[in-house]
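Have a look at the model below before reading on.

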Amino acid sequence: PVAFLPYALANIFENEILAIRIFGFITISFCTYLIFKQSSKIANIFIAKIIALTFVFLNSEMLFQASGLTIFIYPFLLLISNILIFKKENNLNHFILGLCVSIICLIRPNFYPLVFGIILILYLFSQNKIKGISFYIAGGILPVLIIILFYLQVDNGISILGNLILNFIAIGGYSDFSWTIREIVRYLFDNIVGVIFLSPILLVILNFKEYIKNKQNLIISILFLSTLCSVIIVFTANFQFNNFYPYLMIFIASIFRNVKIKSSRIKSQISIVLLCSTIPFLLSSTIAIIKNYNFFSDSKKKIFSYDLNRSDKNKDAIKSLEKIINSKETIYAYDNFFYLKLDKNLPSAIIHPSLLKRLKILKNINGAADTIEGEFENIFSKNPDWLIIRKDTFDETDYYSKNIKMKINNEYKLFSIVEANKNHYLFKKK
């Protein structure tokens, strides 16, 4: 429920998309000011201005302001850093820390490394470790209890909550660490974001002995590494990098004030920044060479796999379907991007295709059946004119039941195979 509050508020307005973008803009503007204030305390006014402008630049992508939940987490992250770095230690602040972390994790569960990062900070620097951690845990429990009370008011609420927890735990089984690291490197160093990310890390390594002497630096480093871990454990696309943007800015500020830049090291530090600046060019050139000369084309290892034509296939599929499906006709599509690009309404409460196989686990989607077969009955009742079903799922013997396939074959005819990133069967109503 916490995660959808910004979107629920946006629905009050006539144009929901514009409203959520305005909320995002206001949040980023407010957090830019907070980063400026914190950076100016750590470094100086001039450096703080540059860092604030960098933060605005990093968040300038429309995707962050339109659909990214993390921007609504920014204020809580910056409140945490403000308490840990600048405020005096007391029980109330420890309680607020727990409260903030709990809200963050309820919005984005992959932020849970931050829970342990703050415990480590309290263990290292708190005068009364047990008391401090106890109040921190108490603050973290409060929002969870409120959520449990909320679900108690819903029919079958405890079962729904249990299914959500089990589903979240099961997600870890789908992760591939080597593939995740590969994709993070590929996306991160595709542009200047990688330069901004890597340069301060290498500068800190170069000045490590001086850097770790300062208590504030250690706190900032732990916070930054915690949010970095939140990206590594669950990475789906480059929009997740903003998980660590606020603490990356504070991390950069800590370099300029607390690290004594010696004249003898100026050249080496400039060299590091210049080296980092060449990485996006080197990486893109290396990928282009690999693709052009078909290196690793015979490798069966997933980490070396690539598709020469993948980037444009979805666009080509949309262009071909726009010529076939007219504006008044309705569709059911396995992949949800077809609805967005063709400007069609969904005939199902299932937005993301990955949820279809997990209906038995979830059992908490309003307006959706508990099984694939039951949900397809809902879809068929809407009489869609076209079905766009991913070929590999339809060809699987256990994904769709015999009844579903029989109904599709009886009421629809195979019109064509749509070539996209994943090929789809295009069925037309008889």
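**Contacts, patches and backbone**

Q: Does arginine 390 count as buried or exposed?
A: Arginine 390 has a relative accessibility of 17%. A quick note on the source: this is a predicted model, where local features need pLDDT of at least 70, side-chain atom pairs count only at pLDDT 80 or more, and totals for chains, interfaces and linings use all residues. Residues are numbered from 1 along each chain as its sequence is written, and side-chain values use heavy atoms, with hydrogens and water left out. Buried means under 20% relative accessible area, exposed over 50% and partly exposed in between (1.4 Å probe, protein chains only), so arginine 390 counts as buried.

Q: Which residue forms a salt bridge with arginine 390?
A: A salt bridge here is a side-chain nitrogen of Lys or Arg within 4 Å of a carboxyl oxygen of Asp or Glu. For arginine 390, the closest N and O atoms in the pair are 3.0 Å apart.

Q: In which helix do both lysine 391 and aspartate 395 lie?
A: Their side chains meet in a salt bridge at 3.1 Å, N to O. Lysine 391 counts as partly exposed at 28%, and aspartate 395 is partly exposed at 39%. The two are 4 residues apart, about one turn, and both belong to helix α20.

Q: Which helix gives the most residues to the positive patch?
A: The surface patch of positive charge gathers Lys315, Lys319, Lys323 and Lys341. Patches are made of residues with over 30% relative accessible area and no salt bridge, joining like charges within 9 Å and nonpolar side chains (Val, Leu, Ile, Met, Phe, Trp, Tyr) within 5 Å. Lysine 323, for one, is exposed at 75%. With 3 residues, the top contributor is helix α16.

Q: About what area does the nonpolar surface patch made by Leu18, Ile22, Phe25 and Ile26 have?
A: Isoleucine 22 is found in helix α2 (residues 16-42) and counts as partly exposed at 41%. Accessible areas come from the Shrake-Rupley method with a 1.4 Å probe, and for residues only the protein chains shown count as cover. The patch covers about 400 Å².

Q: What separates the C-alpha atoms of leucine 275 and leucine 198?
A: Leucine 275 sits in helix α15 (residues 266-292), where it counts as exposed at 52%. Along the chain, leucine 275 and leucine 198 are 77 residues apart, and their C-alpha atoms are separated by 10.0 Å.

Q: Near what value is phi of aspartate 343?
A: Most residues other than glycine have a negative phi. Aspartate 343 is found in the loop between α17 and α18 (359-362) and is exposed at 70%. Its phi is positive, near 60°.

Q: Near what value is phi of asparagine 383?
A: Asparagine 383 lies in the loop between α19 (372-381) and β2. It is partly exposed, with a relative accessible area of 45%. Phi is again a positive value in a residue other than glycine, near 50°.

Q: How many disulfides does the structure hold?
A: A disulfide is a pair of cysteine sulfur atoms within 2.5 Å. Cysteine 100 counts as buried at 5%, whereas cysteine 229 is partly exposed at 36%. The number of disulfides is 0.

Definitions and conventions. Lys, Arg positive; Asp, Glu negative; His and termini not counted. Charge placed at Lys NZ, Arg CZ, Asp CG, Glu CD.
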